[in-house]
Amino acid sequence: MKQQMVGIEIENVHLSFGDTEVLTGVNLTIEPGEFFAFLGPSGSGKSTLLRAIAGFGPRPSGAIKIGGKDIVDLPPWKRNVGMVFQSYALWPHLSVRDNVAFGLRERKMPRNEIGPRVDAALDLVGLSHLADRMPNQLSGGQQQRIALARTVVVEPQVLLLDEPLSNLDANLRVQMRRELLSLQRKLGLTTIFVTHDQEEANTTSDRMAVLDGGVIQQVGSPQVLYDNPQNLFVANFLGTANVLNGKVEKFGDQMRFVTSTGDALPIGSTDVTSGSIVLRPQNITISASGNGDTIKGKVLHREFLGSQIRYIVEAAGSEIIVDQSHAVGADWQEIGGNVALQINAQTAVVIADPH
Amino acid sequence: MSDTSRPGSIADKLPSALFPRLSGLGMVAALIAMLLIGLLIIPVLLVIYVAFLDPNTGALTLNNFQDFFGSSLFRESFWNSFYVSAMSVVVATIIALPLAYITTRFNFAGSMIIQSLGFIPLIMPPFVGAVAMQLIFGRNGTINLLLKEKFGVSIPFMDGLNGVILVQSIHYFPFILINLSTSLRNIDRSMEEAAQNLGSYGMRLFRRVVFPLAMPGYIAGAALVFIKVFDDLGTPLLLNVNNMLAPQAFLRISSIGISDPMGYVISFILVAFSIFSLWASFLFMRGKDYSTVQKGGGGLSKRDLRTHEKIMAYGVVALILLAVLSPHIGLTLLSFATIWSYAPLPDGYTMQNFVTMWNSSGEYITNTVIYAGLAAVADIIIGTAIAYIVMRTNIFGRKALDYLATAALAVPGVVLGIGYLRLFHGMEVPFSGEPMASWWIIIALALMIRRLPYALRACTAALQQVSVSLEEAAENLGASKARTVKKIVIPLMTGGILAGFVTSFATAAVELSATIMLVSSDSDAPLAYGIYLFMQTPSGRGAGAALGLVAVLIVGLGTFLSQMVVERDKKYRMSGQEQ
């Protein structure tokens, strides 16, 4: 089933529902064979962008190129992009076999070739034994796999997954995302995965685009986006972030971030002169009395999370979240106690104020 | 963000407007619109227009209305129609309310029976039941003869307007039962539990929380009953109650002729009242969609009945069902009766009525199958097309198409009949040259327009069940719009379309008010008219009842079969699919 891998280029795409603009100036290149995620909160435009690639919804302006060919003016049925719907959209009046065979029949494939292809696709998702069932006789996970088989059997150039795991329970979701990834690797299919769940995006995608308000906020690998968010939205959307405002000052050959309350934090080199500093909770060390560059604070709350202890510390005019990994016999800071917070200079990211 | 190439709004709209498939559907939309305007709007407007014309000079005038309200007969007719409609709503409520309440609130073994038996009155035209009810409830009917014998009293169930009220409320109460039960079932259990938690219970809970929440359903049903009774021609005609509006319109037009203005004035009043009632119920229900069932919530909690309650419930239900089924029982007895007159039960039983019916009504049945069949087929085709255009395209004016088709609900059959007579008067059928107004196709067209709202509702509901993503999935896999409609949409709508067909066919087959105006010769007459003719003479009643029974059985069977298909379709969708 392996075929020529193609890339996707999205060039300056704008899209409106009536007077409401839902996608603004989207530019994006997805490499051939890449597993790419669109990540964003609901209403961010991620599903709209995916549906625009499949040809559903209002016609966008700009260009969407698959394998170099602009497809914006093609109707959905001439695009050869496979889409797996959030609801699976299995046709309830057709058996599993007929569902999977549908696309091949629409392509006027000879009858004697359809059978083996359908069997192979069902084999691929491990559900050959359910070929004669009706969709309402399947569990959620099985429906999901059939929807996948129905899509890949036509050998689309691109695979689009619209929140495919959101209707599954938590355990199945973890299992299915692994299966999805291994299937994608096996088929070498350029894949776009839409999700609002950062863990799903992190664990599956090669790269991802974070969207908000119809605008792409940042593109990159999950790790780059987490470690080096370009703006506060990305910083806050991916994991927990402490954000302090202030200025960057040079102190000898050492750069320092001085908060509006006058607390100074050592940081790595940066071009930014004023803005916000993003501190991940696990990159802050808490102790009763630190030495060196520390911020003084007072513990407000303490939550035991199992592998971690989370402190909410009042410091630098703000409430700072600090996660300490928990080991048997470790000391806990008391609520109301005075503590010192130490920041690992290499991990802090400074983001310039938006213009 | 660079703003170099902002999307122009015209560029957004152009491609969809240029798409060839849309212009094809656009043509269909235009064609349907023309059909509806020509066969519904123009005839009705014509009738209203003529009501304001001086019959001699042709000048616009209000004199006709002055004449109308100047006549004591018409004033009395107006009042009677209003009184009968209002009282029918009251009596229908008295029948429907306990049934709806018992079936939705209690674990009651009879619920299924009530819910299905509740439909049965609808599958028999009210005027057919009227004759049977004369024999049971009339002055010399079963009940009164027995009462007189035992207690020396009689109750005037069927005298004059009482008869119309009784027949109509027994026939039309299912409209209230169905709407009210649906509303009750759609109330979330937590609504009731919250009230209980705050100390409310029993009748007070029902009056303050449950019934107000179910009010929209009740009002919808009550408004329908009111309009239907106000417009109905067959029942008063058969019971020989002529001092009501619809019979007066019919008698004026059929005895004096289509130039008599009184028929048009009455038509105007009938239409005005229909529209007013629909509008009033719409105003009342606006912003009151209380359907509150949440996921996994389920409807109101049902509780078990205590023994004495159970006995009472069964008693009430049995009594109501006996009354509701009395037309059917009477009709069945009558169809097998030798002579049934001045006796509680027929003198003897025979199959002769069926033989007579079979020999003399073959034509009625054939005509009915042709008219109602043509009308129902046209209805589901137009209904499906309108539903698709409204819900799946953005053709300009698509909503208007929906309203236009639904507007037929507010047009009484008498009015449409008079409108067609007036509109097609003097026209000739192409080629054959016979007068258009007496052409049988006109009857089929009238039936089609009258039953289109039913088919349209069924088709719309069916299409609503088809999730858009099912269509998108097909397009995504290479099926064009037309192929998607054929392979996915239509098969998934089959149940609903079939239900629409059966509803349209069944109700068209027993429709009397428009047909009675348009039938010009007995050989063109459909079944309902045939029954009406049979029932005119005492000797024909047995055969008329036999014909009525056949109609009821056919319609009942059709309803049952379509219900089975709808249920099967529902099962398809039960698991996994999104709502």
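Helices (DSSP runs of H or I with at least four residues) and strands (DSSP runs of E with at least two) are numbered here from the N terminus. This is a predicted model, in which local features need pLDDT of at least 70 and side-chain atom pairs count only at pLDDT 80 or more, while totals for chains, interfaces and linings use all residues. Residues are numbered from 1 along each chain as its sequence is written, and chains are lettered from A and ligands numbered from 1 in the order in which they are written.

**Sheet in chain A**
- An open sheet of four strands runs in the order β2-β1-β4-β5 in chain A with antiparallel pairing, where two strands pair if DSSP finds at least two bridges between them.
- The edges are held by β2 (20–30) and β5 (69–70) of chain A, each with a single partner strand, so one side of each is left without a neighbour in the sheet.
- Strand β1 (residues 8–17) of chain A is joined to the antiparallel strand β4 (residues 61–66) of chain A by five bridges, and A:Glu9 stands opposite A:Lys65 in β4(A).

- A:Glu163, in the loop between β7 (158–162) and α5 (170–187) of chain A, has a positive phi of about 40° although it is not a glycine.
- B:Asn240, in the loop between α11 (234–238) and α12 (245–256) of chain B, is likewise not a glycine and has a positive phi of about 60°.
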